[in-house]
Amino acid sequence: MDLGLNGKRALVTGSTKGIGRAVVETLLAEGASVAICARDADGVAAALGELSSSGTVCGSAVDAGDLDSLTAWVNSSAEELGGIDIYVHNTSAKPQRKLEGWINNFNVDLQALVGGVATAQEALADGGGSLISIGTTAVAEHFATGSSSYSAFKAAVTNWTLGQAQVLGAQGIRCNVVQPGPIFIEGGDWNMIKDHMADFFTATQKSHPRGELGTAQDVANAVVFLASDAAKHINGANLTVDGGFTKRVNY
């Protein structure tokens, strides 16, 4: 299937590793040009060096919690790429349980989304665009320890993004969420759980219909499909990518 992404311009936040990196690599493979960002300047430089042979890619170090820094990156990326067709919001802060720590999640998860999209909105609406936010199945589950800031703000990200399907959708900007379940990434959270909470990791694997966790590429495939012309009539959808791990019925 031709996804129709050749020549498209994409911005992906939090994109030097993990899910964001897989999204970037898949977009480049489909012929899109991509702007990346992350907090670590060395990580951005390394990623640009590694990705440069795959297509047109640019990027800079950005603290997504600093709205001025983020909006400057959106504007400079739009100028360098010649526009914006796709905006992927992938930044999130580590979970906090003490109330005073929640402000960072607000800044990185929610403020970065709303502010970044507001900055990109005019470019995205020029000929139609696609906004995709990365959510999590944790927003739909109960935890014995209660919800953390991560789950709470991811729920807000999901709600806001899907709510824009009517508002931005009227401007030709499709708004969707990709909601991963447990995803194993080398050096990521589930890698840490495997190393330090082996019983919990094994139990999670056993409760999965496939007997294994998903990969960053599984999520990237869903994101890139939703960003493409093949999904031009999909707007306001929350696409779960968990291999059936979450035990609920969605109507």
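Tutor: Contact, as used here, means heavy atoms within 4.5 Å. Helices (H or I, at least four residues) and strands (E, at least two) are DSSP runs, numbered from the N terminus.

Student: What kind of model is this, and how are residues numbered?

Tutor: The model is predicted: local features need pLDDT of at least 70 and side-chain atom pairs count only at pLDDT 80 or more, while totals for chains, interfaces and linings use all residues. Residues are numbered from 1 along each chain as its sequence is written, and side-chain values use heavy atoms, with hydrogens and water left out.

Student: Which residues of H6 and H7 meet?

Tutor: Trp190, Ile193, Lys194 and His196 of H6 meet Ala198, Phe200, Phe201 and Thr204 of H7. These contact residues comprise 5 nonpolar, 2 polar and 1 charged. Here Ala, Val, Leu, Ile, Met, Phe, Trp, Tyr, Cys and Pro count as nonpolar, Asp, Glu, Lys and Arg as charged, and the others, Gly among them, as polar.

Student: At what angle do H6 and H7 pack?

Tutor: Helix H6 (residues 189–196) packs with H7 at about 120 degrees, their axes being 5 Å apart. Axes are lines fitted to C-alpha atoms, for helices over the stretch in contact, and angles run from 0 to 180 degrees between N-to-C directions. H6 and H7 are therefore oblique to each other; under 35 degrees counts as roughly parallel, over 145 as roughly antiparallel, 65 to 115 as roughly perpendicular and the rest as oblique.

Student: And how do H4 and H5 pack?

Tutor: Helix H4 (residues 102–125) and helix H5 (residues 149–167) pack at about 15 degrees, with axes 9 Å apart. That makes H4 roughly parallel to H5. Their contact includes Trp102 and Phe106 of H4 and Tyr150 and Trp160 of H5. It divides into 12 nonpolar, 3 polar and 2 charged residues.

Student: How many residues has the largest nonpolar core?

Tutor: It has 34, and Val23, Leu27, Val34, Ile36, Val178 and Val223 have the most contacts inside it. Such a core is a set of buried Ala, Val, Leu, Ile, Met, Phe, Trp, Tyr and Cys residues joined through side-chain atoms within 4.5 Å.

Student: Which element gives the most to this core?

Tutor: H8 does, with 8 residues. Apart from this core lies another, of 28 residues, including Ala35 and Val108.

Note on methods. Buried < 20%, exposed > 50% of the residue type's maximum accessible area, 1.4 Å probe, protein only.
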